Amino acid sequence: MNISYNWLKQYLTIDHSPEQLSEILTAIGLEVEGVQKFESIEGGLKGLVAGRVMECQPHPNADKLKLTKVDVGGGTLLSIVCGAPNVDKDQMVVVAPVGCTIYPLIGHPFEIRRAKIRGEVSEGMICAEDEIGLGTSHAGIMVLDPDVEPGKMISDLFQIEIDYVYDIGLTPNRSDATSHLGVAKDLLAYLRVNEVYNHSIAYPEVQQISERFPKNFNVKVIDAQLCPRYAGVIFENIEVKDSPEWLKNRLSSIGVRPLNNVVDITNFVLHEYGQPLHAFDLEAIKGGGIVVRTLDKGTPFISLDEKERVLHEDDLMICDAEMNPLCMAGVFGGLGSGVTKTTKRIFLESAHFHSITIRKTSTRHVLRTDAARIFEKGSDPTIVVEALKRAAFLLEKYANATVASKIYDLYPQPAIPVQIDLNTQRVRKLIGLNISDSEIENILEAMDMKVNVLREGIYKVEVPLNKADVTREADLVEEILRIYGYDRVPFSNHVSIPLISDEFPDSYTLKNRIADFLSGRGMLQMMNLSLVSSDYYPKGRKDLVYIHNTSNESLDIMRPDMIHPALGTIVYNYNRNQKNLKLFEFGRTYVLQGKKIIEREHLAIVLSGLYSEGNWRLAKRKSDYYDLLEIVESTLSNLGIKAYKFIDSGPDDQFEYSVDLVLDQQVLARLGKISPEITHKRDFSEDVFFADLNWTSVEKASKKYVVLTEPVSKFPVVQRDLALVIPEEINFSQLEEIIVKIGGSKIMSVQLFDIYRDKDKLGEGMKSYAVNVVFSDRDKTLKDKEVDKFTSKIVQSLGRELGAKLR
């Protein structure tokens with residue numbers, strides 16, 4: 001929100017500098033995020049001087065140029081080449097000497113330099129009005145009054161307003177500070193409490209409107225809950241024209257583009273009072289009346305930006321008596337009902353709308369207007385008519401308007417101010433400061449709050465309706481502290497640190513540990529949005545969580561899996577020539593189960609392109625499933641998880657092939673190659689290998705194991721290779737489980753290093769696994785007899801339980 005320093009000074013008698021006022025604003029909770037200098041004429045005409053043309057001769061080398069000698073005071077004559085058709089001897093002109101920077105209406109500022117033009121030296125520039133921001137004409141140079149003295153600074157001849165504009169980061173709870181008057185009232189409270197300040201707010205002039213003007217015009221509100229107060233007045237004999245300079249400057253300083261006097265006045269009152277107004281061309285209102293209501297779902301409405309919008313059944317609309325929609329209430333006007341150059345009569349609206357209704361309509365149609373921002377914070381119903389009277393005063397003065405009706409004011413159930421019980425002892429406890437009861441009372445009254453003393457230290461406080469967010473005692477304490485001054489609260493030398501116990505290792509520690517581990521393996525961490533397009537999923541899928549995303553309508557669901565965001569990152573990098581990718585991401589997925597949204601934590605790992613880019617030692621090699629498997633297994637091993645089983649995951653429309661890693665009937669991970677049908681949806685033809693680790697299950701499993709380090713054994717290991725013929729349906733994990741069970745602590749590792757199939761030699765339905773078993777004892781050197789004994793038991797158990805036999 002932009003607030004003008006000069007504008008504030010219209011209401012407050014202050015001599016604080018812009019910098020001092022900035023500090024006060026921040027101290028009272030209106031944090032100033034930046035201060036920008038504003039000049040009604042950009043550049044402030046600095047460096048420009050008045051000059052008299054002493055000589056004017058044709059340029060010897062150009063028909064359309066002239067050589068001039070210009071007196072700029074102090075006996076200095078400048079030689080200037082000029083191409084303006086109206087330059088002549090004895091004229092008083094605007095001169096930009098060498099070194100001066102000029103600010104044209106169109107284009108960027110530039111510095112005047114000494115130059116040669118067609119062989120003749122030019123020591124400056126004689127300016128047209130559009131070249132220095134004083135007008136729009138470029139027909140010729142600007143000619144000044146002949147009585148102006150040469151050398152006179154041009155900035156002294158024109159009234160230039162210099163202002164300072166505060167960029168305030170207004171928080172959602174500050175409905176009382178959405179305008180210049182609102183900020184001025186907050187400043188007044190601070191000044192009265194913290195400084196010697198006996199002035200009051202200088203309220204702006206308003207027009208008292210009589211009810212003696214009858215008019216055949218009706219106003220009706222269908223649902224008073226959606227529109228608790230609606231007011232309006234008719235004006236005639238309007239002259240739509242340019243606004244006065246002071247009004248243009250006020251609006252321009254805060255970033256609002258001036259349009260015409262009627263629209264500018266409504267915008268001015270909006271930023272002065274914090275009360276949005278809307279002017280309707282009376283000729284566009286059919287049936288002689290206004291109806292405030294909702295319309296049927298699907299009703300078309302063409303808004304002011306010429307877009308057709310489809311209305312929701314909850315969108316509050318301003319309609320004429322024939323039910324034609326004229327405006328989205330509190331949000332945006334309609335095409336054809338606004339003020340034009342030919343408008344002579346208007347109906348001026350001022351209203352108080354239900355904040356939630358306005359916010360939903362504004363976000364639903366992606367219309368984040370100034371009016372909507374004020375209404376959704378909670379506007380003040382008490383200023384609805386006052387804002388109309390202020391606009392009436394300005395319209396009468398600057399648009400020659402005449403009031404042609406009474407004020408239509410529909411306010412069936414006037415809002416009742418909130419009353420809050422306040423215990424001053426609790427105020428002192430929450431603030432941590434021994435502030436007296438009288439100080440508390442003075443602060444509350446400085447904020448226009450009515451204080452009724454029930455008994456000593458107990459108040460009944462009536463909160464003004466402009467403070468929509470102050471509803472509890474804690475809110476009052478916050479208001480008191482704001483005005484008292486956060487900087488006045490002393491610092492304590494005592495530091496309290498709560499001791500919070502948690503299970504070890506906690507989720508944060510585990511994630512960091514695995515992120516460090518994967519990064520150490522050359523992988524990069526990615527962070528994707530939790531939003532994705534529903535276009536990537538089958539139509540009619542029931543478990544998708546849809547959202548109304550006003551900033552990007554294509555991202556309309558919460559991600560139900562980690563695959564598509566990861567694919568998006570792969571494609572994004574691939575299109576920028578980053579083709580060899582090893583990525584991982586911690587994130588959440590969201591699916592709908594009944595009426596509940598289920599969130600799950602995941603670790604995604606994705607490979608694409610070359611796994612090894614090649615060098616003098618290693619050949620180039622593409623990533624494959626086994627690279628992904630090794631990464632997943634080493635990740636689980638890092639957490640101490642080993643006794644899982646491999647199970648074919650079965651049909652999966654996202655994978656061409658995949659496998660599940662299962663422990664205690666919980667799927668720890670699913671990994672495989674992403675289906676080409678999925679990658680082709682993103683116009684991507686490279687292989688992508690993807691692993692999805694159920695992080696919740698992984699985390700739970702990791703707590704069952706303790707990862708210990710131990711010194712390297714000083715005793716040698718003994719290896720045995722077993723060539724086992726087994727049925728085709730037997731997998732390696734079954735072999736490994738039995739070998740470890742028989743060998744116990746003497747088994748250091750079991751590795752599969754070869755698979756052989758030959759139905760002629762091995763038999764139908766049989767295969768051969770070559771397994772390397774490493775034996776070790778930390779206390780002694782194993783003898784061959786001991787190892788042979790273990791080996792014999794292992795072979796017997798494998799034969800008995802799995803039907804395995806040695807080749």
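In helix α6, residues S355, I358, R359 and S362 meet A372, F375 and E376 of helix α7, where contact means heavy atoms within 4.5 Å. The residues of this contact divide into 3 nonpolar, 2 polar and 2 charged; Ala, Val, Leu, Ile, Met, Phe, Trp, Tyr, Cys and Pro count as nonpolar, Asp, Glu, Lys and Arg as charged, and the others, Gly among them, as polar. The structure is a predicted model, in which local features need pLDDT of at least 70 and side-chain atom pairs count only at pLDDT 80 or more, while totals for chains, interfaces and linings use all residues. Residues are numbered from 1 along each chain as its sequence is written, and side-chain values use heavy atoms, with hydrogens and water left out.

Two packed helices are described by the angle between their axes and the distance between the axes. The axes of α6 (residues 355-364) and α7 (residues 370-377) come within 7 Å and cross at roughly 145°. Axes are lines fitted to C-alpha atoms, for helices over the stretch in contact, and angles run from 0 to 180 degrees between N-to-C directions. Helices (H or I, at least four residues) and strands (E, at least two) are DSSP runs, numbered from the N terminus. The crossing of α6 and α7 is left-handed, a term used if the near helix is turned anticlockwise from the far one by less than a right angle, with right-handed used if clockwise.

For helices α4 (residues 245-253) and α5 (residues 261-273), the axes come within 10 Å and cross at roughly 50°. That makes α4 oblique to α5; angles under 35 degrees count as roughly parallel, over 145 as roughly antiparallel, 65 to 115 as roughly perpendicular and the rest as oblique. The crossing of α4 with α5 is left-handed. On the α4 side the contact involves W246, L247, R250 and L251, which meet D264, I265, N267 and F268 in α5. These residues divide into 5 nonpolar, 1 polar and 2 charged.

R250 is also among the residues touched by N6, together with E161, I162 and D163, when residues up to four places away in sequence are not counted. N6 lies in helix α1 and counts as buried at 17% relative accessibility. Buried means under 20% relative accessible area, exposed over 50%, and partly exposed in between (1.4 Å probe, protein chains only).

Helix α1 (5-9) is in turn among the elements that cover the buried residues of α2, as are β2 (32-39), β13 (162-168), α3 (180-194) and α11 (473-484). The buried residues of α2 (residues 18-27) are P18, L21, S22, I24, L25 and A27. Just after α2, G29 takes a positive phi of about 95°. In helix α16 (residues 695-702), 6 of the 8 residues are buried, so this helix is largely enclosed by the rest of the structure. The buried residues of α16 are W695, S697, V698, E699, A701 and S702.

The largest nonpolar core holds 85 residues, of which F235, L422 and L444 touch the most other members. A nonpolar core is a set of buried Ala, Val, Leu, Ile, Met, Phe, Trp, Tyr and Cys residues joined through side-chain atoms within 4.5 Å. Helix α8 (residues 384-398) gives the most to this core, with 10 residues. A second, separate core of 35 residues includes I234, L311, I318 and C327. Neighbours within four places in sequence aside, L444 is in contact with L422, M449, V451, Y459, V461, L476 and I480.

Most residues other than glycine have a negative phi. In N237, phi is positive, near 60°, and this residue is placed in the loop between β15 (229-236) and α4. Phi of N400 is likewise positive, near 55°. N400 lies in the loop between α8 and β24 (402-403) and is partly exposed, at 36% relative accessibility.

Two strand residues were also examined. D648, in strand β37 (residues 645-648), is exposed, with a relative accessible area of 62%. Leaving aside neighbours within four places in sequence, D648 is in contact with S658 and V659. I755, in strand β42 (residues 747-756), is partly exposed, with a relative accessible area of 42%. With neighbours within four places in sequence again left aside, I755 is in contact with S768 and Y769.
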